[in-house]
Amino acid sequence: MCGIVGYIGERDAVSVLIESLKKLEYRGYDSAGLALLDGKGKSCVFKTEGEISRLESILPELPARIGIGHTRWATHGKPNTINAHPHVSGSISVVHNGIIENYLELKESLESEGFVFVSDTDTEVLAHLINKYYLKNPGDLAIAIRSALGEVRGSYALSVLSEEHPHELIAARKDSPLILGLGEHENFIASDIPAILKYTNRVIYMENLEMVRVKRDSVQVFDLDGNPRFKEEHIIPWNLEAAEKAGYPHFMLKEIHEQTNSIHETLAGRLQELEGDVIFDELDLDKEQIQNIHRIEIIACGTSFNAGLLGKYLFEGLTGIHTDVDNGSEFRYSNPVLTPSTLVIAITQSGETADTLAAVREATSYGCTTLAITNVVGSTISREASNIIYTRAGPEIGVAATKSFISQLVVLYLLVIHFARARSMMDADRVGKLLSELRKIPGHVSRILEDKENIQKCASRFAESKDYFFIGRNINYPIALEGALKLKEISYIHAEGYAAGELKHGPLALISEDVPVVAIAPQGHTYDKILSNIKEVKSRDASVIAIADSDDGEIAKYVDVVLTVPKTDFILTPLLTTVVVQLLAYYTALERNCSIDKPRNLAKSVTVE
Ligand code: AGP
C-alpha cells in the first residue's frame with residue numbers, strides 16, 4: 001500500500017505533489033509527507049500524521065521545482081509523524097511503498113556503523129543504506145541506490161531526492177507499482193495513474209528491478225546492473241474527470257452508478273449472439289486447449305474471491321470442469337495439487353495484490369497456464385500471467401470494490417459461456433438467449449438505481465444494528481458474502497455472509513429480534529429452500545429484508561422489507577442482487593456517518609503480504 005509521487009519541472013512542486021498525493025489517498029491515508037529542494041537547493045522535509053489536507057495546512061510557501069511525496073498505510077511502526085515518510089539520512093530523502101523484509105538485520109548493522117535511527121519503520125534503513133553507499137562513493141546517486149537495493153530483501157517502489165543532485169530524482173521498483181508521467185520540460189513519478197492525469201496522459205510503466213533517473217527533460221531507465229532499458233510510452237485513454245467524483249458525494253456512489261456503463265464496456269465487442277458464442281481476442285487458448293482443461297483453480301482475495309466463488313458455480317454448472325477457489329494468502333502456503341492441465345485463474349481488480357501475485361508465481365512454477373482477470377492495464381499481474389482479460393470497468397477510487405466486482409462477474413459469465421461452447425456443453429440457441437439477456441443487464445441496473453430511495457429507507461431503519469446476516473443459496477451465496485463484506489468494510493457493523501442452509505448448523509444461535517437478515521431470494525431452483533430458511537429466522541424474531549424478483553407476489557408475506565430486482569434469467573441474478581447489497585451498505589455507512597471512500601485500516605490495493 002502507500003502512495004509515492006515525485007516531480008521535477010517548472011511548476012510549483014508543492015502544489016503538484018499535494019494534488020498528486022490526494023489522488024493516491026485511496027492507497028493509504030494515515031500520515032503523509034514531502035521532501036523538497038527550496039530556491040537555494042536546500043532540502044526541506046514536512047510530514048504529519050493524518051490525511052493530506054493536514055499536511056497541506058502546515059506547508060509554507062516554498063519556491064520548489066523538485067520534490068517527492070508520500071501518503072502512508074502503516075505496516076511497520078505506528079501512524080505518527082516520526083514514522084511518516086520521507087525518511088532522511090544526510091543529504092538523502094526517501095519515500096517508499098512496500099516492505100523491507102530484512103530491515104532488522106540491516107538496521108542492526110547500520111547502527112553498529114554509527115547511523116542513528118529515529119523511526120520504527122522498515123523504510124528508514126533504505127535512507128541510511130543509500131547514504132552509507134553515497135558517502136563511500138560520492139558523485140553518483142544511482143550507483144549508491146543500486147548498491148543499497150542489492151542488500152535488501154522485500155518489495156519496494158521508491159523515490160529518492162538528494163540536495164547533492166538538485167537536477168534529478170531516482171526511482172526504482174520491485175513488486176510494488178510505479179509509473180512515470182512524461183511532460184514538456186517536466187516529469188512525474190507515481191504509484192498510480194490518477195496521480196499524474198491532471199498534468200499528462202503520457203506514461204511509462206516501470207517493470208520489476210528497474211531504476212530510473214528522472215530529469216526535467218529526460219527519463220533514463222536502467223536495470224539494476226545499470227544496463228539501459230528501452231521503454232515504450234503509453235497514452236492513457238481516460239481523463240481526470242473519470243477519476244473524479246463528478247458531483248457525487250462519494251466515489252463509491254459514483255462507481256455504483258457507473259456500473260451500467262462498465263457492464264457495457266466489459267461486454268463491448270465480445271458478444272456474438274447470432275453465432276451463439278463469445279470472443280476473447282486476447283485469450284491464447286484454442287478450442288483443443290480448452291477441451292483439455294481438467295481442473296480450474298481460481299485464486300483471489302476479498303471481493304475478488306467472492307467473484308471467484310460465483311465462477312466456481314458457473315464453471316461447474318455450465319462447463320462441467322471441476323473448479324476450486326482459494327484465497328491467495330492460503331494458496332501460496334498450501335501444497336497445491338496442480339498439473340499442467342489445471343488452468344489457474346487469478347482475479348484481482350488492482351493487479352497488484354501481493355498474495356494473489358505470489359500464488360500466480362507458485363502456479364507458474366508448476367507449469368500451469370495462468371489467466372488473470374484484472375481492471376488495471378499495465379498492472380504487475382498483467383505482465384506475469386500467461387493470459388490476461390481486462391474487465392474495462394474504468395478507474396475505481398473508492399476502497400470498497402463495486403464496479404470492478406460487477407465487471408469481474410461479467411467477464412466470468414463470458415468466459416464460462418466461451419468454455420461451454422468449446423466443450424459443447426451449451427448449444428448456440430441457449431447461448432444466444434443468454435447473451436441477449438446479458439445485454440439487458442445495464443438497463444436492469446438502471447432500474448435498481450432509480451429505486452434507490454427504498455434501499456436507503458431500509459438502510460436507515462436498520463442502521464443502528466450491531467450485527468447483520470446475509471444469506472443466499474447457490475449462485476447468490478457469493479453475493480451474500482459480498483453483501484456482508486461491503487457492509488462491514490464501510491459501516492463497521494459486524495456482518496456475516498452464509499449459505500442459507502448452513503444457518504441451522506450454528507449461526508442460528510445468534511439470530512434474535514435485533515439482528516436483520518438479508519435473504520437474497522430471486523426465483524430459481526433454490527427458491528423454496530430459501531423461503532424455508534427465511535421462516536427459520538423469522539420464527540426466531542429476526543427482521544428479514546428479502547431481495548426478490550419484481551414479479552414475486554409471495555415473498556412479502558414472510559418478510560419485513562422487500563427490495564426488488566427486475567426479472568432476468570435466474571443464472572444472471574447475481575449481477576442485479578449485487579447492486580442492491582452495495583447500495584444497502586453504502587446508505588448504512590452514510591447514515592452512520594462513516595468515512596465511506598476511505599474506511600479505517602484499509603487501502604485500495606494490498607501490495608503487502
Ligand atoms: C473490496 O471491497 C476490498 N477492498 C478488498 O476485499 C479487495 O477486494 C481485496 O483486497 C482484493 O483486491 P484486488 O481485487 O485488487 O486483488
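In what sense do strand S8 and strand S12 pair, and over how many bridges? Strand S8 (residues 169–174) and strand S12 (residues 210–214) run antiparallel to one another and are joined over five bridges; two strands count as paired if DSSP finds at least two bridges between them. One of the contacts along S12 is glutamate 210, the bridge partner of arginine 173. Everything here comes from a predicted model, where local features need pLDDT of at least 70 and side-chain atom pairs count only at pLDDT 80 or more, while totals for chains, interfaces and linings use all residues. Residues are numbered from 1 along each chain as its sequence is written, and side-chain values use heavy atoms, with hydrogens and water left out.

The S8 and S12 pair belongs to an open sheet of six strands, in the order S5-S6-S7-S8-S12-S13, with antiparallel pairing. Strand S5 (87–89) and strand S13 (219–223) sit at the edges with a single partner strand each, so one side of each has no neighbour in the sheet. From one strand to the next, the twist averages 20°. Helix H4 (residues 123–136) packs on this sheet and touches S5, strand S6 (92–97) and strand S7 (156–162), its direction making about 140° with that of S6. Helix H5 (residues 141–149) lies across S6, S7, S8, S12 and S13, and runs at about 145° to S7. Helices (H or I, at least four residues) and strands (E, at least two) are DSSP runs numbered from the N terminus; axes are lines fitted to C-alpha atoms, for helices over the stretch in contact, and angles run from 0 to 180 degrees between N-to-C directions.

Helix H4 also holds histidine 128. This histidine 128 is buried, at a relative accessible area of 4%, where buried means under 20% relative accessible area, exposed over 50% and partly exposed in between (1.4 Å probe, protein chains only). With neighbours within four places in sequence left aside, histidine 128 is in contact with Val88, Ser89, Leu110, Phe115, Val116 and Phe117; contact means heavy atoms within 4.5 Å.

A second open sheet has eight strands in the order S3-S2-S4-S1-S10-S9-S11-S14, again with antiparallel pairing. Its edges are strand S3 (43–49) and strand S14 (234–235), each with a single partner strand, so one side of each is left without a neighbour in the sheet. Inside that order, strand S1 (residues 3–8) and strand S4 (residues 66–72) pair in the antiparallel sense over six bridges, and glycine 6 stands opposite isoleucine 68 in S4. Strand S25 (residues 543–549) is mostly covered, seven of its seven residues being buried.

On the aromatic side, a search of the whole structure turns up six aromatic pairs. The rings of tyrosine 586 and tyrosine 587 have centres 5.1 Å apart and planes at 75°, so this pair is edge-to-face. For the record, rings of Phe, Tyr and Trp (its six-membered ring) pair if their centres lie within 6.5 Å, and planes under 30 degrees apart count as stacked, over 60 as edge-to-face and the rest as tilted. Both tyrosine 586 and tyrosine 587 are buried. Tyr7, Phe188 and Tyr199 make up one aromatic cluster. Charges sit over rings too: the charged end of arginine 600 is over the ring of tyrosine 492, 3.8 Å from its centre, and lysine 132 lies over the face of tyrosine 133, 5.2 Å from the ring centre. The test for this is NZ of Lys or CZ of Arg within 6 Å of the ring centre and within 35 degrees of the ring normal.

Tyrosine 366 is found in the loop between helix H11 (354–365) and strand S20 (369–374). At 32% relative accessibility, tyrosine 366 is partly exposed. Not counting residues up to four places away in sequence, tyrosine 366 touches Pro336, Leu338 and Pro340.

As for the whole protein chain, there are 18 helices and 26 strands. Of its 609 residues, 61% count as buried. The C-alpha trace spans about 80 × 55 × 45 Å along its principal axes.
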